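Please look at the sequence and the model below before reading on.

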Amino acid sequence: MAGPSMTETLVSRRERLWLYLTGGAVLFFLIVPVLIVIPMSFSDSRFLTFPPPGLSLRWYAAYFSSPEWMDATRVSLEVAVLTTLVATPLGVAAAYALHVAEARFLRVLQLALLMPLMVPIIIIAIGIFFVFAKVELVGTIPGLVLAHTLMATPFVVVTALSGLQGFDMNQEKVARSLGARRLSAFVQVTLPQIKPSVISGALFAFITSLDEVVIALFISGGEHSTITKRMFNALRDEIDPTIAAISSILIALSLSIVLAASLLAKRRSGGR
């Protein structure tokens with residue numbers, strides 16, 4: 001069989017070059033705001049200016065010494081932890097059911113579980129607000145946890161399904177044939193081998209809750225305001241450079257969690 005012609009090879013190289021240039025331009029567009037926010041967080045100016053006229057840690061000190069910001073941070077971390085504790089077992093259980101069951105209607109269930117990733121978040125936020133207003137969950141920690149669980153569970157489902165698809169279910173069947181109950185076989189045989197995927201899903205659930213702002217604008221308030229809502233209000237009322245410091249901290253935390261999840265996924269792939 002004859003190899004590819006010179007013309008086909010040249011076209012292929014040009015297509016790859018165009019793809020690389022487009023991808024690089026998109027990445028640059030996404031990264032530029034980060035490259036601007038982080039230097040501004042070290043500015044000694046009273047206003048957000050770029051490039052910063054001088055370097056200082058005054059806005060980080062202002063953040064850590066502010067009771068209002070610390071209270072909002074505590075609320076966000078509390079909600080993120082509780083969301084992770086709720087969304088992780090729910091997502092793993094749903095992924096397990098989708099993986100082992102053969103009923104056709106479960107495809108519809110899978111679509112419903114992933115719907116929060118497809119529907120615009122503003123529509124979800126409006127729906128949650130009207131429902132929670134009737135049951136008096138607006139402005140409460142349980143309301144925030146339930147709303148964030150709705151957004152975080154799909155990430156756990158996707159990552160857990162990925163781990164289950166790479167796992168030999170015959171091992172669990174052997175454990176059950178020897179007398180183990182399904183739950184016991186899952187906990188003792190399946191779960192330890194898909195643990196990296198579960199941990200990755202939990203990390204994504206945590207970061208989804210911590211960074212979420214649209215739903216928080218609708219249902220958080222008062223002493224239960226999240227840090228993202230306080231940042232939005234601060235931007236609306238006053239351009240405070242403290243926001244740049246908080247944003248830099250959130251960026252660093254989010255990046256660390258994503259890298260940790262990536263390392264777990266890589267370790268899982270390497271262990272197969």
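Where does Gly-221 lie? Gly-221 is in the loop between helix 11 (214-219) and helix 12. Helices here are DSSP runs of H or I with at least four residues, strands are runs of E with at least two, and both are numbered from the N terminus. Leaving aside neighbours within four places in sequence, Gly-221 is in contact with Gly-139 and Lys-229, where contact means heavy atoms within 4.5 Å. The C-alpha atoms of Gly-221 and Thr-140 are separated by 8.0 Å, although these residues are 81 residues apart along the chain.

The model is predicted, so local features need pLDDT of at least 70 and side-chain atom pairs count only at pLDDT 80 or more, while totals for chains, interfaces and linings use all residues. Residues are numbered from 1 along each chain as its sequence is written, and side-chain values use heavy atoms, with hydrogens and water left out.

The protein has 13 helices and 0 strands. Of its 272 residues, 37% are buried; buried means under 20% relative accessible area, exposed over 50%, and partly exposed in between, with a 1.4 Å probe and protein chains only. Among contacts with a separation of 6 or more, 70% are between residues 24 or more positions apart.

The largest nonpolar core has 22 residues, and Val-92, Ala-95, Val-157 and Ile-194 touch the most other members. Such a core is a set of buried Ala, Val, Leu, Ile, Met, Phe, Trp, Tyr and Cys residues joined through side-chain atoms within 4.5 Å. At least two residues of this core come from each of helix 3 (67-100), helix 7 (141-165), helix 9 (182-193) and helix 10 (195-211). Apart from neighbours within four places in sequence, Val-92 is in contact with Val-156, Ala-160, Phe-186 and Val-198.

Thr-208 belongs to helix 10. Thr-208 counts as buried because its relative accessibility is 18%. Not counting residues up to four places away in sequence, Thr-208 touches Met-151, Ala-152 and Phe-155.

The whole structure contains 3 aromatic pairs, a pair being rings of Phe, Tyr or Trp (its six-membered ring) with centres within 6.5 Å. Ring pairs join Phe-129, Phe-130 and Phe-218 in a cluster.

On a 1 Å grid over the protein atoms alone, a cavity is a set of points where a 1.4 Å probe fits but cannot get out, whereas a pocket is an open set with protein on both sides within 12 Å along at least five of seven lines; lining residues have an atom within 4 Å of a point. Grid points are joined across faces, edges and corners, and a volume is the space filled by probe spheres set on the points.

The largest pocket holds about 220 Å³ of space. Two or more lining residues come from each of helix 1 (6-41), helix 12 (227-237) and helix 13 (242-270). Helix 13 gives the most, with 5 residues. The lining of this pocket includes Pro-33, Asp-211, Met-231 and Ile-251.

There is 1 cavity of 30 Å³ or more. Residues lining the largest cavity include Ser-76, His-148, Glu-212 and Thr-226, and helix 3 and helix 10 each supply at least two residues of the lining.

Methods: Phe/Tyr/Trp six-rings, centres within 6.5 Å; stacked < 30°, edge-to-face > 60°.
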